[in-house]
Amino acid sequence: MPDRDRDGQVASITTQEVPPVRRHRSSEVIVAEQKTVTTVEETEGEDGSPVKTTHTRPGTKVMYKPTEHQGYQAKTVAGSAVGMLLGQGWFEFCPDCNSEHLNKDGVASTDPNLCSAREPLAVRVCPVCQKRIYDNVRSAEGEQDTGDVNVIADDSYAKSTGATRTRASLDLHIWVRHPRQAQQMNLAPLPVALRDMVEEVKT
Ligand SMILES: [Zn+2]
Ligand SMILES: [Zn+2]
């Protein structure tokens, strides 16, 4: 009976294992979610009675920005920019691991080592402000083969490692953000080429 054959086909399709795919929500829905954050501060008035002060500030959201060679990068953005960024190919979850990157407290975080789909990056911690400075190059980046025979292979540019790159970034960070401490730590002076950058980064 042809009818029964058709039923059989439908059944076999529905029992197939489908990998869980993160549901894409429409940008209208995501944009509508963005709102200002209201916090209520409770203090005591002069007579000891409780006083409530309400603070409002624009909300932020962690979004995932497409990069050319390093997958998607988590960034904190203003809630008001969410619609525009969705239009530019950003996601509200990481397409690499198909989920949001949550820290140990379950809060959305920009820590690049939270992506389960990627190798963790080398990281150094600023001794002054505890900012985490991540290695900006993933190991696979040096291995691109363009297939172009005119490209000269020169290993001298490939000698940086996670340790040397993060050291250079941390030194730069300390010079830019904590110049007094940089001097006290006897950090090597910045190369002349980077000195203009210090002024740029400051602004
Ligand atoms: Zn991820
Ligand atoms: Zn610092």
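The buried residues of helix 4 (residues 162-177) are Thr166, Ile174 and Trp175, a residue being buried if 20 or more other C-beta atoms lie within 10 Å of its own, exposed if 12 or fewer, and partly exposed in between, with C-beta atoms placed from the backbone. Helices (H or I, at least four residues) and strands (E, at least two) are DSSP runs, numbered from the N terminus. The model is a predicted one, in which local features need pLDDT of at least 70 and side-chain atom pairs count only at pLDDT 80 or more, whereas totals for chains, interfaces and linings use all residues. Residues are numbered from 1 along each chain as its sequence is written, and chains are lettered from A and ligands numbered from 1 in the order in which they are written.

Helix 4 has 16 residues and spans 22 Å from its first C-alpha to its last. This is close to the 22 Å expected at 1.5 Å a residue, the expected span being 1.5 Å times one less than the number of residues. Serine 169 also belongs to helix 4 and counts as partly exposed because it has 15 C-beta neighbours inside 10 Å. Leaving out residues up to four places away in sequence, serine 169 touches Ile133 and Asn136, where contact requires C-beta atoms, placed from the backbone, within 7 Å. The C-alpha atoms of serine 169 and asparagine 136 are 8.9 Å apart, with a separation of 33 residues along the chain.

Of its 203 residues, 9% count as buried. Among contacts between residues at least 6 apart in sequence, 39% join residues at least 24 apart.

Strand 1 (residues 36-44) and strand 2 (residues 50-58) pair in the antiparallel sense over nine bridges; pairing requires that DSSP find at least two bridges between two strands. Within this pair, glutamate 42 stands opposite lysine 52 of strand 2, and glutamate 44 stands opposite proline 50 of strand 2. The hairpin has five residues between the strands, and glycine 48 adopts a positive phi near 85 degrees. Strand 1 lies largely in the open, because the number buried among its nine residues is zero.

Glutamine 34 occupies the loop between helix 2 (27-33) and strand 1. With 17 C-beta neighbours inside 10 Å, glutamine 34 counts as partly exposed. Neighbours within four places in sequence aside, glutamine 34 is in contact with Gly59, Lys61, Gly79, Ser80 and Val82. Its C-alpha atom is separated by 9.6 Å from that of glycine 83, 49 residues apart along the chain.

Strand 3 (60-66) and strand 4 (72-78) also pair in the antiparallel sense, over seven bridges. Tyrosine 64 has alanine 74 as its bridge partner in strand 4. The two strands form a hairpin with five residues between them, and glycine 71 in the turn has a positive phi of about 65 degrees.

The largest nonpolar core has nine residues, namely Met63, Tyr64, Tyr72, Ala74, Val82, Leu85, Phe93, Cys94 and Cys115. Such a core is a set of buried Ala, Val, Leu, Ile, Met, Phe, Trp, Tyr and Cys residues joined through C-beta atoms within 7 Å. At least two residues of this core come from each of strand 3, strand 4 and helix 3 (82-87). Tyrosine 72, a member of the core, touches Tyr64, Lys65, Pro66, Thr67, Phe91, Cys94, Pro95 and Asp96, not counting residues up to four places away in sequence.

Tryptophan 90 lies in the loop between helix 3 and strand 5 (123-125). Tryptophan 90 is partly exposed, since 19 other C-beta atoms lie within 10 Å. Beyond its neighbours within four places in sequence, tryptophan 90 is in contact with Met63, Tyr64, Lys65 and Leu85; Met63, Tyr64 and Leu85 are among the core residues. The C-alpha atoms of tryptophan 90 and alanine 74, 16 residues apart along the chain, are separated by 9.6 Å.

Terms used
Contact = placed C-beta atoms within 7 Å.
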